[in-house]
Amino acid sequence: MYVRLSHQPRSTADVLRVIEEHMFATMVTWSSEGALASHLPFLIDPARGEHGTLLAHMARANPHSALLGKGEESLVMFLGPHAYISPSWYEDRATAPTWDYVAVHCYGNARCHSTDEARQNIARLIAVVEAPSPQPWSMSELGETEVRRLLEHVVSFEIPITRIEGKFKLNQGEKVARTQAAIAHLEQNGEAAMAAYLRRYNDL
């Protein structure tokens, strides 16, 4: 990913936040026959490995699953807030429009899980996404027979991250008045997360 020096993340915590808050990502794996892509929810364990470890699962019927654990590198792309920035928002409109965005790319080789690891991995994902519910659902409600059948139809895996890139393209280098106007417009239009990133990464 092309990342200007001014678009580098300010901290590892910022990168982890994108992964945790925008967990539904695009995974691409290369093979001799071309690339395959899948859209999956991912968790990250930041304590495992130099850059952390991603955890996910996919349907065994998905042709992508046959590439997992074969030594082929995968790229997992997380897209955070993004927005079109129009010059019409500025008092001084003599500039080009742009698209501001936050993205994180993680690279690594997948390792497939055993049945026990798969059970733990899927249960952990469910616990995370069910946490906001006043009555969280758990896999145990399916019953053991149904859980085993479910596990037979998925491939659970992890990707120790060997390389990670973050891009925080947020109006850096633009005139302060223009960026302030962009922040105000985004906030007025319900895009508070994008506005907050612009505010922080431009020290406003």
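Me: What kind of model is it, and which pLDDT limits apply?
Reply: It is predicted: local features need pLDDT of at least 70, side-chain atom pairs count only at pLDDT 80 or more, and totals for chains, interfaces and linings use all residues. Residues are numbered from 1 along each chain as its sequence is written, and side-chain values use heavy atoms, with hydrogens and water left out.

Me: Sheet first. What is the strand order?
Reply: The open sheet has five strands in the order S2-S1-S5-S6-S9, with antiparallel pairing. Strands here are DSSP E runs of at least two residues, and helices are H or I runs of at least four, numbered from the N terminus. Two strands pair if DSSP finds at least two bridges between them.

Me: Which strands sit at the edges?
Reply: Strand S2 (34-41) and strand S9 (163-169). Each pairs on one side only.

Me: And how many degrees is the twist?
Reply: It averages 20 degrees from one strand to the next. Axes are lines fitted to C-alpha atoms, for helices over the stretch in contact, and angles run from 0 to 180 degrees between N-to-C directions.

Me: How many bridges join S5 and S6?
Reply: Strand S5 (residues 73-85) and strand S6 (residues 98-109) pair over 11 bridges, in the antiparallel sense. Phe78 has Val104 in S6 as its bridge partner. Ser74 has Gly108 in S6.

Me: What about S1 and S5?
Reply: Strand S1 (residues 24-31) pairs with S5 over four bridges, also antiparallel. There, Thr26 has Met77 in S5 as its bridge partner.

Me: Switching topic. How many disulfides?
Reply: The count is zero. A disulfide is a pair of cysteine sulfur atoms within 2.5 Å. Cys106 is in none, and its nearest cysteine sulfur, that of Cys112, is 18 Å away.

Me: Is each of those two buried or partly exposed?
Reply: Cys106 is buried, at 1% relative accessible area. Cys112 is partly exposed, at 32%. Buried means under 20% relative accessible area, exposed over 50%, and partly exposed in between (1.4 Å probe, protein chains only).

Me: Now pockets. What volume does the largest one have?
Reply: About 210 Å³. On a 1 Å grid over the protein atoms alone, a pocket is an open set of points where a 1.4 Å probe fits, with protein on both sides within 12 Å along at least five of seven lines; lining residues have an atom within 4 Å of a point. Grid points are joined across faces, edges and corners, and the volume is the space filled by probe spheres set on the points.

Me: What lines the largest pocket?
Reply: It has 14 lining residues, with Thr12, Val15, His51, Ile164 and Glu165 nearest its centre. Helix H1 (12-21) and S9 each supply at least two.

Me: Where is Asn171?
Reply: In the loop between S9 and helix H4 (176-188). Asn171 is buried, at 7% relative accessible area.

Me: What is the phi of Asp203?
Reply: Near 55 degrees, again positive in a residue other than glycine. Asp203 lies in the segment after helix H5 (192-201). Asp203 is exposed, at 61% relative accessibility.
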